[in-house]
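Morning, everyone. Please bring up the structure on the screen, and I will walk you through two interfaces.

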Amino acid sequence: MNTALELMQAKFPKATCTPTIDSVTIDVQPEQLEKTLSGLKNDPELDFGLLLDVTAIDYLKYPQSKETRFYVVYTIRSWKKNMLVQVRTPVPDPESGIPTATHLWESANWGERETYDQYGIHFIGHPDLRRILNHWQFEGHPLRKDYDIYKGQVCYDSDPMEKEIKARLATKGIDELTMKDINTEIMFLNIGPSHPATHGAIRILTALDGETVIANVNEVGYLHRGFEKTAENRTYNQIIPLTDRLNYCSSLMNNVAFVKAVESWLGVEITERAKFMRVILSEFYRALDHLVCLAALFVDMGGLTNYWYLYNEKEAAYDLISRLCGARLTSSFTRVGGMYRDFYEGWEADLENQLRGIEKGVNDSLALVAKNRIVHDRSQGVCCLPGDRALAYGFTGPNLRASGVPFDLRKDNPYYNYDAFDFSVPVGTNGDIYDRIMVRFEEIFQSISIVRQAMKMIPKGPVNVADPHVCLPPKDQVYSNIEGLAGHFKLVFEGVRTPPGEWYDSFEAANGELGFHFVSDGSGQPYKCKVRPPCFYTMGGFHEMVEGEMIADTVINLSSINIIGGELDR
Amino acid sequence: MALGIEAKLGDSVLTTKLDVVVNWGRQYSLWPMVFGTACCAIEFMSAAASQLDISRWGAEVVRFSPRQADLMLVCGTISYKQAPILKRIYEQMPEPKWVVAMGACASSGGVYDNYCTVQGIDNIIPVDVYISGCPPRPEAVLDALMKIQDQIKGESVLNDRHKDFKGVLD
Ligand code: SF4
């Protein structure tokens, strides 16, 4: 870690560099922002090619006073060198704003749009600065601290998006004049926001020439449910149920990612058993998440049989899951400092049964798919995205690996003893739909193997840390002595207190890097809690994948990148 | 060879009320339009899948075109951004039509009491049955379906349902 800090200090002598958990925070003035960011991106010794997230912080109600009310933070990763930096810059005037980073990373486009939408910060030179999560008739900026959380604003009509699609067409050399030409027949086709092919609520607006997509623009935000604002008004443990509803196909992984981020700042080392439990359950859920993704994909491709082979295993897994946590879909199974409870008796047999079921389902489906000419023709060489473009758009997880970039946090920045497991990271070569399918199939097998290894290694012992400031004391203490009772009340009412500060922590979720960026004011509720959702940035690169392809392939491409509304729009 | 009811009745005449026959038909051939936006839609998938099998109530013909459906199932959170679309789709469904709000979000906004979430879809369109839960178990969807069938029983072809409804978007 120190080496990264020294490196940054040497490279950017004018900036203040401070180490946080896993990363280095670089504080720069807006005038140097541009130079710092391009240095990070273009210096071969640094090679920060993956812009993970852009967000802002509003310090209006923060106990310590800051230089300016707003700060903008860029979270950037150099995946080859395993370095993470957060570049922070004060924004003296949100109206005039700060320079954009869209010319360096494509992912800055959507990231900065979100920051503008939620905080009202302008980015000078941004090509398309407009709202993204909130609707176009919305006034004000909801994540500003002076925006009342309950102040809803009615949207009366959808945005026609005519301007945007025409602008996109213009970049392809098709302007108004060409469109008026009697020989050009451009048809606009709108898929969604309520359409069976969108698997949720996304709007895909395409301009077609025959069946070929010439231009595409997408609108998201239809499922924006204010996760971040709500989280600012909840204690850390109260946020866990909200995280279930981010990627609801693998709710437990979100639970783990969230508490892992909180614990990393608290400096709490969870018990060995809890670590293994988290690994077992995360990998189990990764397999389930991929099952649902593939099942839906093959339905879109016309192979309904695969749906039954794959989805039935997911349905069967609900038995085990509800025995474990009492719910089918929304697990809420972790707590800061450990787990909700230990495994039930006899879980090993149930889990092993379930793993066999999944293997059987996947093998049955593979037997239909692997040598199927139709699947090959429809997916090979279709909707390709090369590795460098995928990185530029901020892809992570299976979608990035399908494009040939072998980046996986479990290998490159291991947590929870992942370095002790024997598993491989499947990568694709072309970044086409076929690669995305096959990477997911293989990851299911790898996850099953990790679960089996972990089941052999899991030690006995407590699942929660014995720290009354973090975990609820055992019930016999609560009922028999005043200390236990007071500890219980304090934790429930005030929440787990975290030291003041800011940090980012990430986790390899089923869809890619799921990060949480917190700002704490020292209380039991986060001052700010920003999610870095893998889906959001994947969707930001969707247009580049489908332009030039057939409209029917757009549909299966959408399922191949596994967009989950809850996580996309939060 | 005559089967079932014809065998019993021969060529005799059967008299009944128009309402009863029509309602009987409607009750067992509900065509749902699934307006799935979020987590609840995943549980609806389970209700439709083999284990619980919604077709036992004659409601398995899931239509994604509102013009062919008469039962709207709103599964998931409705944000203000989504509201005009929900209303438009509801209006595209031909009368008579019924609406089920599945889950806490559709019924009342659920855990999302904030600036972007509609606090219950009955602010936008009339609702006939609410299902509690976050998410409700798939069995609860079947229960709601039976409640809708009961409601249909008591209806009359002469009545215009929800004529006076006024939502925030009207
Ligand atoms: S009620 Fe619960 S499960 Fe259903 S959409 Fe809302 S948050 Fe998701």
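I will start with the two chains and then turn to the two domains of chain A.

First, some ground rules. This is a predicted model, where local features need pLDDT of at least 70, side-chain atom pairs count only at pLDDT 80 or more, and totals for chains, interfaces and linings use all residues. Residues are numbered from 1 along each chain as its sequence is written, chains are lettered from A and ligands numbered from 1 in the order in which they are written, and side-chain values use heavy atoms, with hydrogens and water left out.

Now the chains. Chain B brings 36 residues to the contact and chain A brings 47. Contact here means heavy atoms within 4.5 Å. The two chains bury about 3600 Å² between them, and 61% of that is on carbon and sulfur atoms. Buried area is the accessible area, with a 1.4 Å probe, that two parts lose on being put together, summed over both. On chain B, look at Lys81(B), Tyr112(B) and Tyr115(B): they supply 25% of the area that chain B buries against chain A, more than any other three residues.

How many salt bridges cross between chain B and chain A? The rule finds two. A salt bridge is a side-chain nitrogen of Lys or Arg within 4 Å of a carboxyl oxygen of Asp or Glu. Lys81(B) pairs this way with Glu219(A), with the closest N and O atoms 3.7 Å apart.

What about residue classes? The side of chain B that touches chain A has 21 nonpolar, 10 polar and five charged residues. Ala, Val, Leu, Ile, Met, Phe, Trp, Tyr, Cys and Pro count as nonpolar, Asp, Glu, Lys and Arg as charged, and the others, Gly among them, as polar.

Next, inside chain A. Domain 1 of chain A gives 13 residues to the contact, and domain 2 of chain A gives 15. Together they bury about 1200 Å², with 63% from carbon and sulfur atoms. In domain 1 of chain A, Leu50(A), Trp79(A) and Glu106(A) lose the most area to domain 2, together 48% of what that side buries.

Stay with Glu106(A). Which residue does the side chain of Glu106(A) meet in a salt bridge? The partner is Arg389(A), at 3.1 Å, N to O. Between these two domains of chain A, the count is one salt bridge.

Conventions
Domain bounds come from an automatic or database domain assignment.
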